[in-house]
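Thanks, everyone. Let me put the structure up, and then we can walk through it.

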Amino acid sequence: GGSSGVAQSVNSRIIGIDPGSGLMKAAAQAIKDYDLAGWTLVEGSGTAMTAALDKAYRSKEPIIVTGWTPHWMFIKYDLKYLDDPRGSFGGSEEIHTIARKGLQADLPSAYAFLDRFAWQASDMEEVMNKIADGAQPKDAADAWVQEHADLVAKWTEGIAPAPKGQKIKLAFVAWDSEIASTNVVRSVLAKLGYSPEMLQVEIGPMWAGIAGGDADAMVAAWLPTTSKDYYDKYKGQVDDLGANLSGTKLGLVVPSYMDVQSIEDLK
Ligand SMILES: C[SH](C)CC(=O)O
């Protein structure tokens, strides 16, 4: 049937991202839930996934990737999520801000801002699109902060400036969404007078780094489901400051030119 055609057209491969991510765990679960025998979930990174997508899209080749919202790829390409009737990818979630224990006492101004930091998916997409259009992440974030002075003022009004040159370490995983959000947080912390450092790590070391106090904060906790394993492991050792964004989505994503609608069709 048509589904075997789809499987053959992509060599029964799904192009994934970094292996520890919750998205990859959900994709592996989908392969089980939909009995996708003989399918391979290709491990890599967010960057490798978008490079493979770009290559296939330019030549209108079939491809299936693990995808998420917010993401610039939905602006750049005409894509669609495959329906997930068995719910392997869960529902819409939030991205939480997680700080190390003691941050409020040590860096009260940074903590106060981090506790207030919250924005819309459309805001994050604006930054992601600037980066996708070639801007350096730091410059894209600085420009967005300049363009959204009113929102930034809400995040920072009444907060005392940082002690001169006070360092603060932000951990993040190089997902396009978190490259955008972490750079915006860095930009605002710099406006408050901090000397922010960004530590790019894999998801495990990101959580361990906050729990161990090696990093001060991160804005990359997709909850309640996607980062559940890490949250459950470290929740007693970190400070969950709540959601900074809501309305996410995870799933399998294909170019609209592919004649497939549901994960059910892949068998
Ligand atoms: C790449 S984002 C969906 C977060 C994650 O998968 O853990």
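This is a predicted model: local features need pLDDT of at least 70, side-chain atom pairs count only at pLDDT 80 or more; totals for chains, interfaces and linings use all residues.

A backbone N or O atom of Gly22 sits 2.9 Å from an oxygen atom of the ligand. Leu23 also brings in a backbone N or O atom, at 2.8 Å from a ligand oxygen.

Next, the helix pair. Take helix 8, residues 137–147, and helix 10, residues 176–191. Their axes come within 8 Å and cross at roughly 60°. Is that crossing left-handed or right-handed? It is right-handed.

Who makes the contact? On helix 8, we have Pro137, Lys138, Ala141, Asp142, Trp144, Val145 and Gln146. On helix 10, we have Ile179, Asn183, Val184, Arg186, Ser187, Val188 and Lys191. Sort them by class, and you get seven nonpolar, three polar and four charged residues.

On to backbone geometry. Most peptide bonds are trans, and most residues other than glycine have a negative phi. Here are the exceptions I want to show.

Where is the bond between Thr69 and Pro70 on that scale: cis or trans? It is cis, with omega about 10°. Pro70 lies in the loop between strand 3, 65–69, and helix 4, 73–76.

Now go to Leu223 and Pro224. The peptide bond from Leu223 to Pro224 is cis too, with omega near 10°. Pro224 is in the loop that runs between strand 8, 217–223, and helix 12, 228–234.

Then there is Asn11. Asn11 is not a glycine, yet its phi is positive, about 50°.

Last stop, Ala211. This residue belongs to helix 11, residues 203–212. What does Ala211 touch, leaving aside neighbours within four places in sequence? Tyr234, Gln237 and Val238. Compare Lys154: Ala211 and Lys154 are 57 residues apart in sequence. In space, C-alpha to C-alpha, Ala211 and Lys154 are 29 Å apart.

That's the tour. Questions, please.

Key
Residues are numbered from 1 along each chain as its sequence is written. Side-chain values use heavy atoms; hydrogens and water are left out. Axes are lines fitted to C-alpha atoms, for helices over the stretch in contact, and angles run from 0 to 180 degrees between N-to-C directions. Helices (H or I, at least four residues) and strands (E, at least two) are DSSP runs, numbered from the N terminus. A crossing is left-handed if the near helix is turned anticlockwise from the far one by less than a right angle, and right-handed if clockwise. Contact means heavy atoms within 4.5 Å. Ala, Val, Leu, Ile, Met, Phe, Trp, Tyr, Cys and Pro count as nonpolar, Asp, Glu, Lys and Arg as charged, and the others, Gly among them, as polar. A polar contact is a pair of N or O atoms within 3.5 Å; within protein, one must be able to donate a hydrogen and the other to accept it, and residues adjacent in sequence count only if both atoms are side-chain atoms.
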